[in-house]
Amino acid sequence: MTMNGHFDVIIIGTGAGGGTLANRLADSGKRILLLERGDYVPREKDNWDPRPVNLEGKYQTKEVWRDRDGKPLHPHTNYNVGGNTKFYGAALFRLREHDFGEVRHNGGLSPAWPISYDELEPYYTQSERLYHVHGERGIDPTDPPASAPYPHPAVSHEPRIRDLAEDFAAQGLRPFPVPLGILLDEKNPRASRCIRCSTCDGFPCLVSAKSDAQVCAVDPILDRGNVTLLTRAKAEKLLTDGLGRRVDRVVVERDGAREEYSADVVVSSCGAINSAALLLRSANDQHPNGLANGSGVVGRHYMGHVNSVLMAVSKCPNPTVFQKTLGVNDYYVPTKEWDYPMGHISFVGKLDGVTLSGGAPAIAPGFTLELMAKHSLDFWLTSEDLPDPENRVSLDAQGNIVLSYAPNNEEGHKRLIQKLKGLMQAQRKCQVHGHECHQGLFSRNLFVGQRIPLAGVAHQCGTLRFGHDPRTSVLDTNCKAHELDNLYVVDASFFPSSGAVNPALTIMANALRVGDHLLERMR
Ligand SMILES: Cc1cc2nc3c(=O)[nH]c(=O)nc-3n(C[C@H](O)[C@H](O)[C@H](O)COP(=O)(O)OP(=O)(O)OC[C@H]3O[C@@H](n4cnc5c(N)ncnc54)[C@H](O)[C@@H]3O)c2cc1C
Ligand code: SF4
């Protein structure tokens with residue numbers, strides 16, 4: 001076996017975690033190797049076409065995983081430069097301050113994080129700058145304290161969404177503009193890179209105007225002599241020294257050939273499912289249950305949020321193009337009516353008839369799918385799921401990924417859906433159809449009741465949680481494996497709890513935090 005090179009740092013994966021960490025380390029002059037199993041997402045008209053993107057899954061991995069019953073699972077996840085941020089909706093939320101403490105849910109306890117919100121706050125501010133977040137502080141009642149305003153003004157609502165915001169406010173809620181990472185300049189539309197289109201959430205941006213990890217973090221550092229990016233380079237295994245204390249070599253399969261690389265520091269950032277799988281595949285004599293897995297915790301406590309997409313269909317059309325501008329967090333915390341959190345309400349990108357035809361939605365009476373999509377407000381509801389050791393990533397005999405998951409803490413989510421139903425029924429009278437305008441709420445797909453199916457692993461986290469105690473966590477508070485001197489993890493694996501807002505900004509902020517630790521370590 002030939003060694004293909006030694007580096008100061010190897011980062012495996014170029015998504016929210018790995019891409020952001022590389023950006024932080026690039027100026028140090030340290031020799032950095034980025035290993036990415038995918039390629040660049042090609043720039044082509046299909047990028048913005050719902051048929052190839054949503055129906056044919058053109059850009060998704062073709063990998064097949066298994067669920068706990070051994071049934072094949074076709075994960076909706078993406079292997080490419082920028083990772084899943086190439087396809088994300090770019091809603092870039094901070095976790096709420098109390099999410100870092102223990103939170104009492106109807107379904108059990110959401111555990112505290114080993115670091116406080118204050119420790120992450122400076123890095124949230126820095127990631128909001130790096131990822132050009134647009135927003136306005138202090139309107140969302142659950143907004144945590146921030147040391148700086150958002151770097152860019154909130155993205156404006158289109159008329160239908162503005163009306164809805166007024167309706168919600170009239171009902172006593174405090175709707176707010178969702179923080180968004182898009183390179184939009186509404187004051188100067190001719191120069192704005194983002195054109196505010198309808199194919200953003202779930203699609204790659206054809207004009208590179210989405211704040212994804214490729215555009216904001218990886219591409220800007222590739223001209224540095226000290227940064228090397230290898231695409232189509234899949235990390236297969238991590239080998240340790242004889243004592244099992246250091247990762248000695250990273251075994252890579254690139255274009256069908258086996259290569260080996262070494263580094264002083266090795267960082268896994270393959271996404272929560274693939275980082276756990278990589279450690280399990282790297283079992284050896286010193287680490288018989290998987291690398292860094294003396295605790296048995298590797299792969300366990302998988303979380304992915306309790307999510308629903310609900311379409312509120314009305315007789316009047318919804319002409320909104322860019323829909324993801326409005327959020328409601330009034331039910332994120334216990335309320336007068338219920339002692340527990342319910343969750344977060346916002347939007348997905350505007351749904352279309354082609355996309356709907358892939359999901360078998362319930363059809364509103366008298367509507368076709370096409371018509372329904374033209375007349376719907378498309379809500380995204382998220383509630384927190386709790387870390388259960390039996391919800392886990394493991395490997396089958398061939399080394400393929402097995403994802404076992406049973407949903408939990410669902411009562412709050414059901415109540416959130418009922419809340420939204422009530423709110424929509426209590427909207428102001430429409431001038432044309434009166435109260436008859438609203439036709440009801442319809443679930444986006446019927447795979448698992450109203451829930452996003454397991455194949456949707458968009459918000460995966462928690463499989464290598466960080467903590468103080470090596471018996472119950474895999475990583476220490478710097479996200480270094482307790483059992484190894486030079487192995488770090490900066491993707492969503494480290495989350496001890498999932499909160500109920502989208503995870504990417506927290507992954508980015510943590511990667512910057514770990515980056516500062518590594519700069520200190522390597523000085
Ligand atoms: C459709 C969609 C919409 C979303 N919308 C939002 C949103 O609005 N807001 C939000 O906060 N989050 C959103 N998310 C979630 C967000 O994209 C993820 O939380 C985030 O990208 C996870 O970051 P990560 O670094 O953990 O992993 P990823 O971004 O998935 O990066 C992992 C990288 O590792 C690479 N890799 C994996 N295995 C290997 C290996 N063995 N060797 C080499 N490379 C490997 C992958 O190819 C990938 O590039 C969305 C996700 C999807 C799919
Ligand atoms: S809305 Fe803007 S950032 Fe999103 S895909 Fe369209 S042009 Fe790109």
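These legends walk through a few close-up views of the structure. The model is predicted, so local features need pLDDT of at least 70 and side-chain atom pairs count only at pLDDT 80 or more, while totals for chains, interfaces and linings use all residues. Residues are numbered from 1 along each chain as written, chains are lettered from A and ligands numbered from 1 in the order written, and side-chain values use heavy atoms, leaving out hydrogens and water.

**View 1. The largest cavity and ligand 2.** Ligand 2 takes up the space of the largest cavity, whose volume is about 80 Å³. A cavity is a set of points, on a 1 Å grid over the protein atoms alone, where a 1.4 Å probe fits but cannot get out; lining residues have an atom within 4 Å of a point. A volume is the space filled by probe spheres set on the points, which are joined across faces, edges and corners. A molecule sits in a cavity if more than half of its atoms lie within 2 Å of its grid points. Among the lining residues are W48, I182, R196, K210 and F322. By class, this lining has ten nonpolar, no polar and two charged residues. Here Ala, Val, Leu, Ile, Met, Phe, Trp, Tyr, Cys and Pro count as nonpolar, Asp, Glu, Lys and Arg as charged, and the others, Gly among them, as polar. Around ligand 2 there are 13 residues, and C194, I195, C197, C200 and C205 come nearest; a residue is near a molecule if one of its heavy atoms lies within 4 Å of it.

**View 2. The second largest cavity.** This cavity holds about 60 Å³ of space. Its lining includes H98, D99, H105, Y332 and E384. Five of the lining residues are nonpolar, four polar and two charged.

**View 3. The second largest pocket.** Now we turn to an open space: a pocket is an open set of points with protein on both sides within 12 Å along at least five of seven lines. This one has about 470 Å³ of space. Of its 23 lining residues, R160, Q427, R428, C430 and C437 lie nearest the centre. Helix 4 (159-170) gives the most to the lining, with four residues. Helices (H or I, at least four residues) and strands (E, at least two) are DSSP runs, numbered from the N terminus.

**View 4. Q425 in helix 9.** Q425 belongs to helix 9 (residues 411-425). Q425 is exposed, with a relative accessible area of 58%; exposed means over 50%, using a 1.4 Å probe and protein chains only.

Key. Buried means under 20% relative accessible area, exposed over 50%, partly exposed in between (1.4 Å probe, protein chains only).
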